[in-house]
Amino acid sequence: QYSPESVAGADAEVDPTEITVPGCSCRSSSCVAPGCPCLCRGQNYSSSCLRLAEQEHEEFSRPVFECNSLCQCGDSCQNRLVQRGLQLPLQVFRTERKGWGVRTLEAIPTGRFVCEYAGEVLGLAEARRRSQAQTAQDSNYIIAVREHLHDGRVLQTFVDPTHIGNVGRFLNHSCEPNLVMVPVRVDSLVPKLALFAATDISAGEELSYDYSGRFHNSAGSGREHNPSEEENRLRKPCYCGSRTCASFLPWDSSLFSTP
């Protein structure tokens, strides 16, 4: 079932479509910092693009809060981007070794929003149950996103587009990706898993992101590079063909372990 945005899954504690974030009282057609509380909560956009260059030089990424349904500003506000949905012509196509893939039919500049990774928002228990029910032949679309807050807390979001989702489910992994995933909050504290261009992308180029969440991949920089022998048996090979290919797709053992 196609859905342009995420929906509540079997055991989701929060409905991602429910409006839970307060709006701003800005009267202008487009909000500006520091007067807008939405912009003051985190980073903002520049010329309809995410400022990725700033993130590379910061130890931590600032959150992204867009203006929402309760805000007084207009639909043309520059702080409304991901909520507008897919604006680019994308094509799902059959790759040589990776099954389905997605490519762009027009050039995309760095920082441009491409699409959301939408699906059912699950709790940890259901995400773990679905992961463990899969066979080696099944495609695994479940993604686990963990945001580490400055006070030590970790916010977890699990999204499964296996049965309900959008074009994002067809994006392949690459160890040298041209997209980066960023949690973006609009109406709800449940983030939209937004994919932005990490570099300038040419028309006809396949779109990909690093399933482990890293912006720039480097061997040995994540725990998935040191799996046990049992975990290696379950992992799927990576066919991205990049110079820094890790040979296997990223692995999150927490979804396959017993609580």
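Reader: Is Cys 245 buried, exposed or partly exposed?
Author: This is a predicted model, in which local features need pLDDT of at least 70, side-chain atom pairs count only at pLDDT 80 or more, and totals for chains, interfaces and linings use all residues. Residues are numbered from 1 along each chain as its sequence is written, and side-chain values use heavy atoms, with hydrogens and water left out. Buried means under 20% relative accessible area, exposed over 50%, and partly exposed in between (1.4 Å probe, protein chains only). Cys 245 has 27% relative accessibility, so Cys 245 counts as partly exposed.

Reader: How many disulfides does a search of the whole structure find?
Author: A disulfide is a pair of cysteine sulfur atoms within 2.5 Å. Across the whole structure, the number of disulfides found is zero. Cys 40 is in none, its nearest cysteine sulfur being that of Cys 36 at 6.8 Å. For Cys 245, also in no disulfide, the nearest cysteine sulfur is that of Cys 238, at 3.7 Å.

Reader: What is the angle between the ring planes of Tyr 45 and Phe 196?
Author: Rings of Phe, Tyr and Trp (its six-membered ring) pair if their centres lie within 6.5 Å; planes under 30 degrees apart count as stacked, over 60 as edge-to-face and the rest as tilted. Tyr 45 in strand S2 and Phe 196 in strand S13 are 151 residues apart, and both are buried. Their ring centres are 6.4 Å apart and the pair is tilted, because the angle between the planes is 35 degrees.

Reader: Which residue lies over the face of Tyr 141?
Author: A charge sits over a ring if NZ of Lys or CZ of Arg is within 6 Å of the ring centre and within 35 degrees of the ring normal. Arg 41 lies over the face of Phe 65, 5.5 Å from the ring centre. Over the face of Tyr 141, at 4.2 Å from the ring centre, lies Arg 169.

Definitions and conventions: Helices (H or I, at least four residues) and strands (E, at least two) are DSSP runs, numbered from the N terminus.
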